[in-house]
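Please go through the packing of this structure, from charges over rings to aromatic pairs, a helix and the nonpolar cores.

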Amino acid sequence: MPQVPSSLAGLLSLLEGCFTAPTFRTFCMLTVGFIARVRENTVTGMLQAAGLAGVWHHSRAHDFFAYRRWAPDELGLRLMELLVSVLLPPDTPIRLAVDDSLFGRTGKHVYGAHYLHDGAQPEGSGRRTRWGNCWVQVVLVVALPCTGGRTIGLPLLFRLFEPKDDQHPNRPSQPELARELIEMVIKRLHGRKVELVMDGAYASRAWQGLPEHVGLTTRMRTNAALHEIPPARRPHQHGRTPLKGKRMKSLAEIAKAATFTPVTLTGRDGKTRTALVHEFTCLWYKPFHTRPIKVILVRNPNSRKTDSFDIAIASTDTTATAAQIIERYDSRWVIETVHQEAKNHGVGDARNRVPGAVQRTVPFGFLCMTITIAWYQLCGDPQADLTERRRHAPWYRQKTSISYTDMLAALRRELIRHEFHTQGHSITTHPQIREPQRPSAPAVA
């Protein structure tokens, strides 16, 4: 059976508690196969890349996803604890991005497949509505030293989304599934400060009642109903204390009378730019109930529309500055990069249909991506890989940091190197060629 390199085996050993002993061996081999596979990452393709075709029966790999005892949630939470302890100081907030992505499938018998909107497809392509599985995901947003401080996303937790219909009117929505995943994170982190970033489609009442140490930053809809913060209760006042104040004007009307001030922002690439902002505090009653939010209206300095705004951002962290809130929301884009890298490197290629396999194959691929990035952060050599990349492509002068493709290539080289070392003959210090004897030596003896 092929052996896992010690550097990768040490990382995988930290996840051994999520499996039984036989299932853990299968997990290690399929992880190696997923990473090493260059073509489609089907289940049998993983077996071939791991060198187990003809050694294991293919049912062992299929049963791992369909029937064996392991949970992607526990695996993701274990990885999250490892990454947080290694990559983030104890007093640093944990930033998590929430979004969903559609993985196209074929066949009417695929579990959980529906016709859904696919925002990743370009407009006018005719494929904005596709048949497939939609996955809600939680991604850890962190700046890694191996990328030169560039922010990167590490996928951790996943839920399969199915829309409501007449037979299933109580199915949870995408924000409700995301809230379920975030509750698992909050419970596991034991009061650690958490920063959530998400698109405006996730701003719903599913986020009411979040703990105070969990902040949320999202994009606002232009028709958001805002209210003033209710006044404090007066002494001897009768009746119930109002939950919200007077209804405010629309965002467009507020922007017309607002005074925008310039702020300096630092992007994910380290470059600085200037934006015009107007900020105020209010209540957005439907998504956040009585929790105050800070609203940031952002306008491009070069915009010709001087009486409007380009984007409105809301955050429950009312103590943060406008620049911090904008940069926090800007970091949400890494989850879109995660989706693109996942689809380019085999996540979702498996052609399974039964419920257990469908619910675990895509999370397994995402978690293999996280394991690859974690391995590179712990064992990779970014400077050597960057120098080699520049040597092979001297025209690529703007490349200043390592990408996920570079990390995957480095781990594949390590797998190939380890395979050659294990197949080679052992080196011994004992001489194998003795001094030749004279022809008369046997006769003398």
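The charged end of Lys 343 sits over the ring of Phe 103, at 5.2 Å from the ring centre; a charge counts as over a ring if NZ of Lys or CZ of Arg is within 6 Å of the ring centre and within 35 degrees of the ring normal. Arg 60 places its charged end over the ring of Trp 56, 3.7 Å from the centre. The model is predicted, so local features need pLDDT of at least 70 and side-chain atom pairs count only at pLDDT 80 or more, while totals for chains, interfaces and linings use all residues. Residues are numbered from 1 along each chain as its sequence is written, and side-chain values use heavy atoms, leaving out hydrogens and water.

The whole structure holds 16 aromatic pairs, where rings of Phe, Tyr and Trp (its six-membered ring) pair if their centres lie within 6.5 Å, and planes under 30 degrees apart count as stacked, over 60 as edge-to-face and the rest as tilted. Phe 19 and Phe 24 have ring centres 6.2 Å apart and planes at 45°, so this pair is tilted. Phe 64 and Trp 70 are stacked, with 4.9 Å centre to centre and 15° between the planes. Phe 64 and Trp 70 are both buried, that is, under 20% relative accessible area, with exposed over 50% and partly exposed in between (1.4 Å probe, protein chains only). Ring pairs join these four residues to Phe 27, Phe 34, Phe 65 and Phe 364 in a cluster.

Helix H2 covers residues 21-36; helices (H or I, at least four residues) and strands (E, at least two) are DSSP runs numbered from the N terminus. From first C-alpha to last, H2 reaches 23 Å, close to the 22 Å expected at 1.5 Å a residue, the expected span being 1.5 Å times one less than the number of residues.

A nonpolar core is a set of buried Ala, Val, Leu, Ile, Met, Phe, Trp, Tyr and Cys residues joined through side-chain atoms within 4.5 Å. The largest has 124 residues, and Phe 27, Leu 196, Trp 207, Leu 297 and Phe 364 touch the most other members. Helix H11 (residues 355-379) gives the most to this core, 13 residues. A second, separate core of 14 residues includes Val 298 and Tyr 329.
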